[in-house]
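Here is a short note for a colleague who is opening this structure for the first time. Please keep the sequence and the 3D view side by side.

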Amino acid sequence: MLRCIECGREYPEDEVRYRCECGGLLEAVIELDNVENVFDGRNVSLWKYRGFIPVERRVSLDEGGTPLYRLENLQKELGMRELYVKNEGANPTGSFKDRGMTVGVSKALELGMDKVICASTGNTSASLAAYAAKAGIKAYVLVPSGKIALGKLAQAIVYGAKVVPVRGNFDDALSVVVKASAELGVYMLNSINPFRLEGQKTIAFEIYDQLGFVPDNIVLPVGNAGNISAIWKGFKELHAAGFIDKLPRMIGIQAEGASPLARAWKGEKEFVPEKNPETIATAIRIGNPANWRKAWMAAEESGGLFESVSDGEILQAQRLLASKEGIFVEPASASSLAGLIKLRKIGILDSDESYVLITTGHGLKDPNIIVENFELPEPIEPTLEAFKGVL
Ligand code: F0G
């Protein structure tokens, strides 16, 4: 059953529907009475939690089961007791979107849909393209022209999606996709589709399964605001099922030039979309997050918050994570560490608490951002003498 988060109206799950008649966002209601307690720390992978996932079909590339690292070096440097990263770049197409797509594309097949569509800043398009290929159905992906990282574009192309650049930003592309899905009978797999979030909520399950406890805080990047909503739903379900007795704070980080949630949170508490979002973290270059209501509720209910970070802070954090911990993530993902560092500086964070940063996408998605800012030295002659000369 799907339920509107605004008015509570319910809809059957075998109907293609993305929003309530009142315009509100929908969420899947999961029957938790008989769900099995599988949280034994072993064989962690997305479909281990199938009791919580409302689809029967399974289009899978073996997603989830991503590593959870203790950041030994950085936690010392930042003076924190317990700092972890959940590295979602280790998913099949290199981002957390695969969790949403294994469930979303499975749902598309259950509904009898043979065409799927999304708007994307890159990762969603790569992921949808891969899962549609696996399912043998057609994918259409609309991307902001010139504002998608090279690796992601290459993925969407090679997986065989119809790639459509749009003159405009992500929000413009999404508005076309919403109309297309209503009029052309293609199934929309952006994160306003509640089944996408049913896959992504498994990040919460894996964190609990891998740690064996619930961390005090989850820190993650926010773009269209689906993931923060999904992870919060996952923790709430664990709680409702009686498997955990505490909940983490949800801390959402946006890029300064695309930070309507952080601005509203810190200011008038009134959400105003950003008309011209801009940031080097192209994955989260979004001015009008479609799931902002769910995300707001997640921060509010959990006692969390929203913060924003500058492009400079993001790039610094990206370097830091790679050079101190050996984890290379794309800029949007590094905003979680950048946010943590900023909040620590401001003095808002308690260094005795535990923190899990979510890094959402692999660094190789966007190699240009590194190479463009680095000048390689002149080549040397192939002799030991020449090599000694540069040491
Ligand atoms: N990090 C990365 C690497 C992303 O690709 C995205 C979203 C986010 C964070 C933010 O997640 O939207 O759930 O708040 N990328 C989408 C896309 C918009 O099209 O790939 P969110």
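1. Ground rules. This is a predicted model: local features need pLDDT of at least 70, side-chain atom pairs count only at pLDDT 80 or more, and totals for chains, interfaces and linings use all residues. Residue numbers start from 1 along each chain as its sequence is written.

2. Domains. The protein chain is divided into domain 1 (1-30), domain 2 (68-94 + 196-371) and domain 3 (96-192). These bounds come from an automatic or database domain assignment. The centres of domain 2 and domain 3, taken over C-alpha atoms, are separated by 23 Å. Domain 2 gives 32 residues to the contact and domain 3 gives 28 residues. Two residues are in contact if their C-beta atoms, placed from the backbone, lie within 7 Å. On the side of domain 2 that touches domain 3, H6, H7 and H8 each give two or more residues. Helices (H or I, at least four residues) and strands (E, at least two) are DSSP runs, numbered from the N terminus.

3. Helix H2. Residues 97-110 form this helix of 14 residues. From first C-alpha to last, H2 reaches 20 Å, close to the 20 Å expected at 1.5 Å a residue. The expected span is 1.5 Å times one less than the number of residues. H2 is mostly covered, with twelve of its 14 residues buried. A residue is buried if 20 or more other C-beta atoms lie within 10 Å of its own, exposed if 12 or fewer, and partly exposed in between, with C-beta atoms placed from the backbone. The cover includes strand E6 (115-119), H3, strand E9 (187-188), helix H6 (194-200) and helix H7 (202-211). Gly112, with a positive phi near 80 degrees, follows H2.

4. Core. The largest nonpolar core has 105 residues, and Val116, Leu128, Ala129 and Val141 touch the most other members. Such a core is a set of buried Ala, Val, Leu, Ile, Met, Phe, Trp, Tyr and Cys residues joined through C-beta atoms within 7 Å. Beyond four places in sequence, the contacts of Ala129 include Ala139, Val141 and Tyr159.

5. Glu63. This residue lies in the loop between strand E3 (26-28) and strand E4 (68-70). Glu63 is buried, with 26 other C-beta atoms within 10 Å. Among the residues that Glu63 touches are Asp98, Arg99 and Thr102, which are also among the buried residues of H2.

6. Most residues other than glycine have a negative phi. Ala225 has phi near 75 degrees, and Lys269 has phi near 60 degrees. Are they buried or exposed? Ala225 is buried, with 27 other C-beta atoms within 10 Å. Lys269 counts as exposed, with 9 C-beta neighbours inside 10 Å.
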